[in-house]
Amino acid sequence: MAIDIKVPQLPESVADATVATWHVKPGDKVSRDQNLVDIETDKVVLEVVAPEDGVIGEIIAEEGATVGADEVIGKLEKGDGAAAKSDDKKSDDKKSDEKKSDEKKSEDKKEEKSAAKAGSGEKLEVKVPQLPESVADATIAAWHVKAGEKVTRDQNLVDIETDKVVLEVVAPADGVLAEIKQEEGATVGADDVIGIVEAGGEAAAASDDAKSSDKSADSNDSDDDSDSEVAGPAVRRLLAEHDLKASDVKGTGKGGRVTKEDVEKHVKEGGKKQAPAAAKSESSAPAAAGDRDQKRVPMTRLRKTIAKRLLEAKNATAMLTTFNEVNMKPIMDLRKKYKDEFEKRHDTRLGFMGFYVKAVTEALKRFPEVNASIDGDDIVYHNYFDISIAVSTPRGLVTPVLRDTDKMSIAEIENGIRDLAIKGRDGKLTMDDMQGGNFTITNGGVFGSLLSTPILNPPQSAILGMHKIQDRPMAVDGKVEILPMMYLALSYDHRIIDGKESVGFLVTIKELLEDPQRLLLDI
C-alpha cells in the first residue's frame, strides 16, 4: 500500500517552501521516523520523516522544487516493498554476512600488528584555534573521538564553544588520538594544547585487553552508530533530551526499532539509563514516580551569553515599543504574479523577507537616529546599513548580519538570508557573520506569533518585530473587507530615539510595504 509523503503545515506568513535535500532515493528501505527530506522555508528548515517502515516508491518533487503545505512530494510503499526484492534481500544479507566475516578477519590481523605499529609516529599537538579579540576564552563542548582511537587528517576531533559560535578542531594528520589533555566542560584559551595526535600510528592494544576494549568499543559504537539504524532522527533527539541511548529503551517497532512512543513510555514509567547490576544492588526501594523526575543541565555558553545580553538590554536602556499594522495584500499579489519568473531568473524564491529588509533599509535612510547607537556620552551615526536577521538554530536564537543592504537587490537579500539560515542550522556561522549590525529584524510570524514586544540587541538602538499574517475584517472606504493584516512592533531606546522618529519610522515601513512600487521609485 502506498502512503503519501507530504509537506508539513507551514505558518500562515509562509506561503510556500522549497525541497532542499532528499536523503533517500527510490527503492531505498526506510524506517519509521527516519528523516527523508529537508523542506526549506524563509527562516527555518523542516524535516519530513517516514510515517511507517517501508520502501521509497517515488519522488514526485525533486530538489529545488517549490511546494505548498500538504502537497504530496513522494510515495512510500508500506512494508518491504515489491516481493521481488526478497531474493535480492537474501542475497544482500548473505553478501553482508560474508563481508562482515572478511572484515572480522581483517580486524583480527590488524590487532596482531597494532602493538608493533603504535607509537611509530611524530606527536602533534591539538590546539585551540585563534579566538576573536572580543572572546577571551572558550569551552570544550564535545570530543568526537576517544583517546587511543584512529583519526584521519581533517577529521573533526572536538567542538570548541565560544559565546556565539562553535569552532571545529580537526586532526592535523592521519594517526591516533594519543591523549586528551582537556576534558569536556573545561575552559580554555587560544592556542591551549587540548590533545595529542600521534601521526602514522594505529590504535594500540594488548591482546586480551584489545579484544575486551574492542568489544566494549563495538558495543558503544553500536549504541551510537546503530542508533541511526534502530532509531530515526526525531527519536534520537528525544533520546538525547532524556540522556538515553537506543539500547536503554525496549523497541516495539519492526526489527526492534525504537519509536517515539517507546521513549515516552520509558520516561513516563520512570525509566533511566541502564546502570550496571552491581550498582545499588542493595537498594530495593521503588524509585520516585517518573513524572516527578528532574534533570539538571548546565547552560551552554551561548545560552549564558543570550541571558546576560538580554538582562543588560533590559537594565541599561530606556526601552519602549510602538505598534502599527500593515495590509500585506499588495505584496502577496505581487509575489503571486511574479514568483515563478523571479525564481527562474534569480534561482531563489521570492519571499517576504526581501521586502521587509528593503523597506527597513529605506526607512533607516530617512531616520538616521534609528540607525545610530550610543557609545558613552556620544551618539554614533552609521553611514552604512548592516541589518541583523534573527535566526532560530538548535543552539538558540542568533542574529547573523546581512551587510550593505542598501546595495543589494531583493534577490541578493533573499539569497543572503537563506545562506545565513542554512549556516545557522548546520552550526557553521562564524564570528564575522555575527559581529556588527546596526538594526535587527525578527520574524516571529513563522512560528505563529500574532504580537510581541521584541527586546533590543545591544548596542543597537532599535529592533523590528514582524508577525503572523492573518485575515481580518477591515474598514475600507466605508465598507468592510477581509484583508491579510500583519502587526508591526518597533522596540527602541528612548534615550536616543524620540516618539516622533519611532512612529515616523514605523509608518514609513507600513507605507512602503502597502505600496511596494515606492521601493522601486524611491519615494
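**Fold, helix packing and loops**

Student: What share of the contacts in the protein chain with a separation of 6 or more comes from residues 24 or more positions apart?
Tutor: Keep in mind that this is a predicted model. The chain has twelve helices and 27 strands, and buried residues make up 40% of its 523 residues. Among contacts with a separation of 6 or more, the share from residues 24 or more positions apart is 64%.

Student: Are H8 and H9 roughly parallel or roughly perpendicular to each other?
Tutor: Two packed helices are described by the angle between their axes and the distance between the axes. Here the axes of H8 (residues 353-366) and H9 (residues 410-425) come within 9 Å and cross at roughly 115 degrees. Angles of 65 to 115 degrees fall in one class, so H8 and H9 are roughly perpendicular.

Student: And how do the residues of the contact of H8 with H9 divide into nonpolar, polar and charged?
Tutor: On the H8 side you have Met353, Gly354, Phe355, Val357 and Lys358, and they meet Ile410, Ile413, Glu414 and Ile417 in H9. Gly counts as polar, while Lys and Glu count as charged. That leaves the contact at six nonpolar, one polar and two charged.

Student: H8 also packs on H11. What handedness does the crossing of H8 and H11 have?
Tutor: Their axes are 9 Å apart, at an angle of about 135 degrees. That makes H8 oblique to H11. The crossing of these two helices is right-handed.

Student: Which residues in H11 does H8 meet?
Tutor: H11 covers residues 499-514 and reaches 22 Å from its first C-alpha to its last, close to the expected 22 Å. Its buried residues include Glu501, Gly504 and Leu506. Residues of H8, among them Phe355, Tyr356, Ala359 and Arg366, meet Phe505, Thr508, Ile509, Leu512 and Leu513 in H11.

Student: What is the C-alpha separation of aspartate 375 and proline 459?
Tutor: Aspartate 375 sits in strand S18 (residues 372-375), and at 53% relative accessibility it counts as exposed. Along the chain, aspartate 375 and proline 459 are 84 residues apart, yet their C-alpha atoms are separated by 8.3 Å.

Student: Last pair: does aspartate 347 count as buried or exposed?
Tutor: Aspartate 347 lies in the loop between helix H7 (329-346) and H8. Its phi is near 55 degrees, a positive value in a residue other than glycine. Its relative accessibility is 62%, so aspartate 347 counts as exposed.

Student: And what is the relative accessibility of aspartate 404?
Tutor: Aspartate 404 is in the loop between strand S23 (401-402) and H9, with a positive phi of about 55 degrees although it is not a glycine. Aspartate 404 counts as partly exposed because its relative accessibility is 31%.

Notes. Residues numbered from 1 in each chain as written. Predicted model: local features only at pLDDT ≥ 70, side-chain atom pairs only at ≥ 80, totals over all residues. Heavy atoms only, no water. Helix = DSSP H or I, 4+ residues; strand = E, 2+ residues; numbered from the N terminus. Expected span 1.5 Å × (residues − 1). Buried < 20%, exposed > 50% of the residue type's maximum accessible area, 1.4 Å probe, protein only. Axes fitted to C-alpha atoms, helices over the stretch in contact; angles between N-to-C directions. Parallel < 35°, antiparallel > 145°, perpendicular 65-115°, else oblique. Contact = heavy atoms within 4.5 Å. Left-handed = near helix turned anticlockwise from the far one by under 90°.
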